[in-house]
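Here are a few friendly notes to read with the model open beside you. Take them one at a time and find each element as you go.

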Amino acid sequence: MPGSSTGQASARDIDLERAVGAGRVVFAGNASGTRIVDTYQKFPIALAFPGVDGRRSLETVVINCSGGIAGGDRLDVEVVARGAASVAVTTQAAEKVYRALDRPAQITTRLAAHETARLAWLPQETIIFDRARIERRTELDLRSGVEVIALEWLVLGRIDSGEEVRGGYVLDSWRVKLDGRLLWADAFLISDDTFAHLHRDALLSNWRAVGTLIYFGPGLARRLDVLREIANSLGCKCAATIVGAIIIVRLAAIAGADLKRELRSLLDQFSRELGTGPFGVPKMWSC
């Protein structure tokens, strides 16, 4: 049709229907266990609270009912753990970020742990498709006396499906505050100009799946030693260090399935060091 190619060329994400969703859950806990004290859900974000083997720790599942993320989407998730709450939060499945026209999706996760809460943020992987655009921000608000693990990981195309990411925009940033003061800030950025060079040894080499895991809690020196021992046993690249008052673990693997397998091993081993609590592999990872 006359003019159809021009209309297609000028299409923008802002002109199309896009998702604006949010989910918030607040937990409180004491010697009797953990309870949910407040929830908020706005489509396409939904929250589920499955029973998991009668454990004292609760497991919460964040669900994106839209089936994926497109350019211009905005999704916000907030988790607050108070008192002696013990809770693990994960996602229903791998998140998929599809090709955008001109705008990045905005994904923000805010985690807060107060008093003596124990909180684990352990989502499944985020898969980046060719020409996808995303800005993801993970913000932690910690208080002295809590124990927290937080994980985020990216897969740049699924090797088994023959996917290759040649361009796009990925900004993955962290902000960690302790007792109201900024403790650590970090950002991982890939843009259209960068993708062609990612194979260089100084960048990602042949690693297509990368992750960052943060631990805050007691006995950092001892637990750093444990994590380094675990890192040496894994079948992927893995290293751990202390920055300020947190341990930062970086992982990289050739494929997403490889990284998931090694993350399972890391969490299995590290959770035995941490004892009873929410820090093991979430049940949803096996569904």
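1. Start with the helix pair: α3 (residues 220-233) packs against α4 (residues 256-274) at an angle of about 155 degrees, their axes 10 Å apart. Axes are lines fitted to C-alpha atoms, for helices over the stretch in contact, and angles run from 0 to 180 degrees between N-to-C directions. Helices (H or I, at least four residues) and strands (E, at least two) are DSSP runs, numbered from the N terminus.

2. The two helices, α3 and α4, are therefore roughly antiparallel to each other (the term covers angles over 145 degrees).

3. A caution on the source: this is a predicted model, where local features need pLDDT of at least 70 and side-chain atom pairs count only at pLDDT 80 or more, while totals for chains, interfaces and linings use all residues. Residues are numbered from 1 along each chain as its sequence is written, and side-chain values use heavy atoms, leaving out hydrogens and water.

4. Which residues of α3 meet α4? Arg222, Arg223, Val226, Leu227, Ile230 and Ser233 do, facing Leu266, Gln269, Phe270, Glu273 and Leu274 in α4 (contact means heavy atoms within 4.5 Å).

5. Next, look at β16 (residues 237-243) and β17 (residues 246-253), which pair in the antiparallel sense over seven bridges; strands pair if DSSP finds at least two bridges between them. Cys238 has Leu251 in β17 as its bridge partner. The two strands β16 and β17 form a hairpin with two residues between them, and Gly244 in the turn has a positive phi of about 65 degrees.

6. Finally, β11 (residues 133-142) and β13 (residues 169-178) run parallel, joined by ten bridges. Asp141 has Lys177 in β13 as its bridge partner.

Conventions:
Angles under 35 degrees count as roughly parallel, over 145 as roughly antiparallel, 65 to 115 as roughly perpendicular and the rest as oblique.
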